[in-house]
Amino acid sequence: MATAVLQARGISKGFPGILALDDVSFRLDAGQVHALVGENGAGKSTLIKVLTGVHRPDRGTLLLHGEPVSYDNPLAAQRAGISTIYQEVNLVPQMSLAQNLLLGREPRSRFGVIDTARLHAEAERVMTRYGIRTDVRRPLRSLGMGTQQMVALARAVSVEARVVIMDEPTSALEPREVDTLFGVIADLRAQGISVIYVSHRLDELYRICDRVTVLRDGRVAHAGPLDELPRVDLVALMLGRDPAEIRREGATKFSGEHTTAAGEPLVEARSVSRRPVLQDVSVQVRPGEVVGLGGLLGAGRSETAKAIAGALPVDGGTVTVAGQEVRRGSPAAAIRAGVSLVPEDRKAEGIVPTLSVRDNIALAALPRLSRSGVVSEARIDRLVDSFMRRLRIKAASPHQKVSELSGGNQQKVLLARSLATGAKVLLLDEPTRGIDVGAKAEVQALIDELAAEGLGVLLISSDLEELVEGADRVVVLRDGAVAGELSGDEVTEEAIMATIAATGETDG
Amino acid sequence: MTTTIADADTGADARRGPGALRRERIGHLLQHHGALVVLAVTVLVGAATFDSFATPQNAANIVVSSSFLAIVAIGMTFVIISGGIDLSVGSSFVLAGVLAAYGSRYGLLVALLLPLAVCGTIGLIQGLIVARTGMAPFIVTLAGLLGMRGLMLAISDEGANTYLVRDDAFSALGQAAFLGLTVPVWITLALVLLGGVLLQRTGFGQNVFAIGGSEEAAVLMGVPVTRVKVLVYLISGLLAGLAGALNAARLSSGVTILGVGMELDVIAAVVIGGTLLTGGAGGLTGTMAGVLLLGVIQSLINQIGVLTSSFQQVVSGAFLALVVVTQRLLHRAQRLS
Amino acid sequence: MAETAAAPRAWSGRVRLLAWLQEYGVYASVLALLLFNVAFTPHFLEVANFRTQLIQVAPIVITSLGMALVIGTEGIDLSVGSVMALASAMVVLYLGYGAPVAIIAALIAGAAVGAGGGALVAYVGVQPIVATLALLVGVRGLANVLVPQLTEFRNPTLITLGSRSVLGLPLVVVIAAVLTVLVAFLVKRTTFGRQLVAVGGNRAASRLSGLPVRRILVTVYVISGLLAAVAGVLATSRLQASDPTSLGLLMELSAITAVVVGGTPLTGGRVRVLGTVMGALLIQLLQATLIKHNLPQSWTQMAQAVIILAAVYAARGRRA
């Protein structure tokens with residue numbers, strides 16, 4: 001057997017309170033595209049950080065081309081040929097494309113200073129090979145996500161990487177850009193460069209990966225060729241469940257029944273526009289109805305939810321709740337009217353990390369829980385207690401800091417916060433993204449339950465299966481406008497995809 | 001490598017329309033050269049209003065008196081672009097003056113090297129604390145401000161003792177003129193050129209921008225963040241020390257009361273010059289325009305005569321507010337586009 | 001105040017020590033300094049000495065309270081010292097209309113400066129440090145323009161305010177104590193207090209949760225300006241003179257030190273009122289101790305520098 005390009009043997013790494021990696025071994029061969037999968041908290045990101053010199057392992061050895069190595073920092077790992085493209089594109093937004101691409105390797109003039117003209121020429125040359133033709137002097141932040149990703153990839157490859165680690169590289173890309181990316185990966189493979197590919201998207205994994213390593217709770221649950229592993233078994237390995245059970249239950253916890261809700265709409269958005277992200281978007285949600293919002297990333301799904309919740313200024317259109325028009329651009333007014341948003345980005349827009357679980361739940365409902373500006377502790381206690389029990393929020397106590405909870409429990413805290421406002425309509429933006437399987441099932445079951453109680457739910461999800469099984473009706477967005485609406489038996493994955501692709505053109 | 005061609009540009013541009021690029025450029029211009037424009041306008045207005053304003057003598061005065069602030073501002077520009085701030089420069093400036101005057105009794109070399117060594121060391125320590133512990137630069141250098149003021153008071157008998165410069169060669173460094181401008185002005189010019197090259201045309205400069213733009217990204221792109229940060233505070237400490245020493249040479253004494261609050265003027269000049277306090281963008285040309293603008297305003301207020309010099313504070317406070325408000329509005333306009 | 005229970009966690013010893021230091025370090029230090037003085041400083045336990053210490057610390061405590069609120073919102077208010085000077089100038093300017101008018105004018109000026117800073121931060125989106133830096137420079141200049149040199153005055157009402165005692169306690173100290181209780185109540189028991197901390201902890205989340213973020217921010221800066229103005233009026237009353245050039249100079253540093261030493265993190269999301277008062281006391285005690293033992297002013301500043309660094313370093317260990 002040939003020497004592995006990169007090999008990890010018996011790696012353990014602990015942090016205060018958790019053992020993130022427990023005796024993990026990993027092998028990467030030349031020209032291999034190796035899938036690294038696992039649920040949140042399985043240890044994927046810790047393993048990557050160990051491989052790239054961000055963390056030092058407590059125990060175990062790293063071998064590069066058969067030689068034991070140890071890196072003090074990412075730079076050392078990079079110099080040894082291991083490059084990483086992180087989930088959020090990790091480049092400097094204010095600097096130009098060229099500066100980002102060639103940072104640390106700028107061409108020099110005779111006097112040893114940076115030769116700007118050659119810097120730009122070189123950057124243009126490199127980017128052309130990745131199918132990007134744009135002014136390389138422009139600041140990176142003014143470019144699209146796909147372009148930024150390609151810059152990151154080009155940068156990684158051009159530092160003579162032998163191993164490229166991609167952490168959820170397609171999460172912000174459009175399909176066309178994904179194709180370009182896969183083309184580039186195929187080229188890398190042909191050059192003998194190895195790729196570690198981290199993703200939750202099974203389709204992609206089976207499309208390009210040769211081998212898979214599954215992590216669970218900090219240990220290796222499985223390692224082997226990917227094409228020999230049925231999808232269901234892969235899911236089962238990731239979830240730590242019996243494959244048979246998964247087959248029987250389907251992957252989501254929705255009841256799967258589609259009801260046709262009647263009655264007046266609880267909330268109705270009419271011709272909501274905001275250049276350039278939204279054009280004449282109209283959506284209505286009736287009591288007891290789960291309306292899915294489908295579409296590609298950047299199609300305007302989050303923007304629609306935010307516009308309805310008053311969190312995004314709009315150029316035109318109205319939002320009415322039970323026939324009453326809601327003041328534009330004021331989340332407070334929307335909440336008073338009974339519309340509450342659970343945002344996609346939990347950390348940035350959801351939890352208040354310095355506060356307790358209790359204070360986080362009560363946050364939006366404070367005006368209802370106080371008299372002339374003075375809060376009633378007793379009323380808060382009652383409210384928090386009932387929601388923690390109902391949503392099965394696992395915390396040491398209501399006074400535990402919310403930042404110490406798992407992602408799933410944080411998500412439930414946010415749901416509780418929304419429900420505590422007495423919301424009649426919930427806008428849930430990717431409510432199950434990035435949370436563990438158990439919590440995912442609970443959240444899905446809760447959505448069903450809330451709808452059954454008469455609440456209206458607007459559900460945004462990139463997970464087609466979740467959308468199809470969870471929603472009664474699906475409004476599909478494309479380029480910031482409504483591309484179609486599916487209801488009843490029309491709600492299938494194929495139909496949603498067909499609607500998205502209807503004009504054959506996904507971008508203007 | 002075979003090419004896999006995607007469309008030239010991705011969504012962002014298509015959605016933004018043709019006006020966006022132009023707006024981006026105008027914003028860029030305003031950000032980088034706004035101070036220069038305001039400076040030019042102010043000078044023209046001043047020249048038209050006061051006969052004694054646009055004289056070579058007055059211009060020389062402005063340049064000479066601005067040079068010390070300018071030297072400190074060069075260091076501050078590096079610090080601010082790296083995403084930090086150095087509140088200790090005022091104290092450093094005064095401490096250096098006292099040290100230089102004290103050291104001048106042992107000759108020119110000691111008079112120069114003693115303040116540089118002390119202020120450089122303290123800058124280095126501040127840099128190490130900021131870089132290694134992740135404590136907020138503003139609080140670390142605030143402690144530096146207090147500590148250095150304490151140190152200055154301690155060596156000057158609680159401020160009561162003003163050392164006189166005892167070395168003619170050292171005095172000459174602050175007072176001698178060459179082609180009508182004093183030595184500190186020439187030193188300033190040299191430092192601006194050197195600093196400009198360092199900032200725009202070297203790997204170190206690129207790293208400073210990268211750290212200020214996104215420290216996380218900089219780490220992952222292999223930028224030696226700790227080293228760059230330490231160097232940035234070291235540069236700031238050294239330049240504040242140099243400016244203080246030169247000032248002592250000019251005044252022939254280590255004055256203990258000047259320079260209090262100087263950090264505010266320096267920061268004001270840098271920010272007015274278009275360097276973003278959030279880091280990642282800026283430059284020395286703007287900073288110099290900012291420094292000169294403050295100098296010109298001071299001079300104009302002196303011309304008016306009836307106004308007390310505290311009026312200058314009102315004006316620079318207002319200016320600072322105006323600039324940051326404009327920057328914010330520009331930033332917003334760019335976002336919207 | 002507004003404590004959140006620390007969760008049981010397998011923290012390493014060093015981290016735990018730092019956490020303990022942040023929570024209780026200020027109390028322990030005050031206690032240690034008190035014990036040291038009782039043992040080694042002659043006349044320390046005399047009532048007169050305590051009176052002097054408390055009177056001197058009162059203005060610092062009052063401005064620190066406002067600063068603590070601002071820092072709780074992840075902001076900073078560098079303008080407090082200049083606001084004290086402006087308040088002092090207003091008192092002199094309007095004393096002709098009687099003391100109440102003068103005091104009200106001073107408070108209005110303080111609130112107005114706070115509103116200006118708050119508006120820059122909340123509506124324009126300027127970083128707090130820059131917005132209030134502009135005010136620090138500009139407002140001090142304005143105070144100097146209004147009252148160019150030291151102006152003495154004699155006004156019975158202001159003499160009472162500055163030197164009278166109530167139940168044996170100096171009125172100045174009583175006012176500081178009352179304000180402390182008010183601010184503590186504000187933070188712990190009112191909707192505004194809860195919302196303020198949330199805004200500091202996560203502004204975007206607070207906005208999405210329907211909190212009136214901008215109004216909260218402006219209010220916080222107005223309160224800080226008001227409190228600084230109160231401190232300015234009290235200091236002016238005690239001096240029976242207004243000196244805008246030097247009054248409140250570097251007060252922002254003392255206030256920030258008190259807040260930080262008191263365990264309020266600079267990153268916002270938490271306000272410790274009692275800790276802040278203790279922080280102010282600690283600095284005052286330290287200064288008094290050094291003076292009583294014939295150590296010069298310069299030592300105090302260097303010691304203060306070390307304490308600030310230690311306090312922030314301890315706070316750093318608690319970042320999750």
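## Terms and model

Axes are lines fitted to C-alpha atoms, for helices over the stretch in contact, and angles run from 0 to 180 degrees between N-to-C directions. Helices (H or I, at least four residues) and strands (E, at least two) are DSSP runs, numbered from the N terminus.

This is a predicted model: local features need pLDDT of at least 70, side-chain atom pairs count only at pLDDT 80 or more, and totals for chains, interfaces and linings use all residues. Residues are numbered from 1 along each chain as its sequence is written, while chains are lettered from A and ligands numbered from 1 in the order in which they are written.

## Helix pair in chain C

Helix α1 (residues 13–40) of chain C meets helix α12 (residues 273–292) of chain C. Their axes come within 9 Å and cross at roughly 30 degrees. That makes α1(C) roughly parallel to α12(C) (angles under 35 degrees count as roughly parallel, over 145 as roughly antiparallel, 65 to 115 as roughly perpendicular and the rest as oblique). The crossing of α1(C) past α12(C) is left-handed, that is, the near helix is turned anticlockwise from the far one by less than a right angle; clockwise would be right-handed.

Residues are in contact if their C-beta atoms, placed from the backbone, lie within 7 Å. On the α1(C) side the contact includes Val26(C), Tyr27(C), Val30(C), Leu33(C) and Phe36(C). Facing them in α12(C) are, among others, Met278(C), Leu281(C), Leu282(C) and Leu285(C). The contact of α1(C) with α12(C) has 10 nonpolar residues, 5 polar and no charged. Here Ala, Val, Leu, Ile, Met, Phe, Trp, Tyr, Cys and Pro count as nonpolar, Asp, Glu, Lys and Arg as charged, and the others, Gly among them, as polar.

## Helix pair in chain B

Helix α4 (residues 89–103) of chain B packs on α11(B) at about 50 degrees, with the axes 7 Å apart. The two helices are therefore oblique to each other. Their crossing is right-handed.

α4(B) contributes Phe93(B), Leu95(B), Gly97(B) and Ala100(B), among others. α11(B) answers with residues including Gly237(B), Ala240(B), Gly241(B) and Gly244(B). This contact of α4(B) with α11(B) divides into 12 nonpolar, 7 polar and no charged residues.

## Confidence in chain B

pLDDT is the predictor's confidence in each residue, from 0 to 100. Chain B has a mean of 84, and 87% of its residues reach 70 or more. Confidence in chain B is highest in helix α11 (residues 225–251), at a mean of 95, and lowest in helix α1 (residues 11–16), at 42.

Residues 1–17 of chain B stay under 50, and the model has 36 contacts for them beyond four places in sequence. Where pLDDT is low, the predicted coordinates should not be read in detail.

## Interfaces of chain C

The contact between chains C and B takes 36 residues from chain C and 36 residues from chain B. On the chain C side, α4 (99–124), α5 (128–146), α11 (251–261) and α13 (297–316) each supply at least two residues. α5(C) gives the largest share, 14 residues. That side has 25 nonpolar, 9 polar and 2 charged residues.

The contact between chains C and A takes 29 residues from chain C and 34 residues from chain A. α8 (191–201) and α9 (203–208) of chain C each supply at least two residues of the chain C side. The largest share, 7 residues, comes from α8(C). By class, the side of chain C that touches chain A has 14 nonpolar, 10 polar and 5 charged residues.

## Strands in chain A

Two strands pair if DSSP finds at least two bridges between them. Strand β11 (residues 267–274) of chain A runs antiparallel to strand β12 (residues 278–285) of chain A, joined by 5 bridges. Ala269(A) stands opposite Val283(A) in β12(A). β11(A) is also joined by 5 bridges to strand β14 (residues 316–321) of chain A, again antiparallel. There Val267(A) stands opposite Val321(A).

Key
Two residues are in contact if their C-beta atoms, placed from the backbone, lie within 7 Å.
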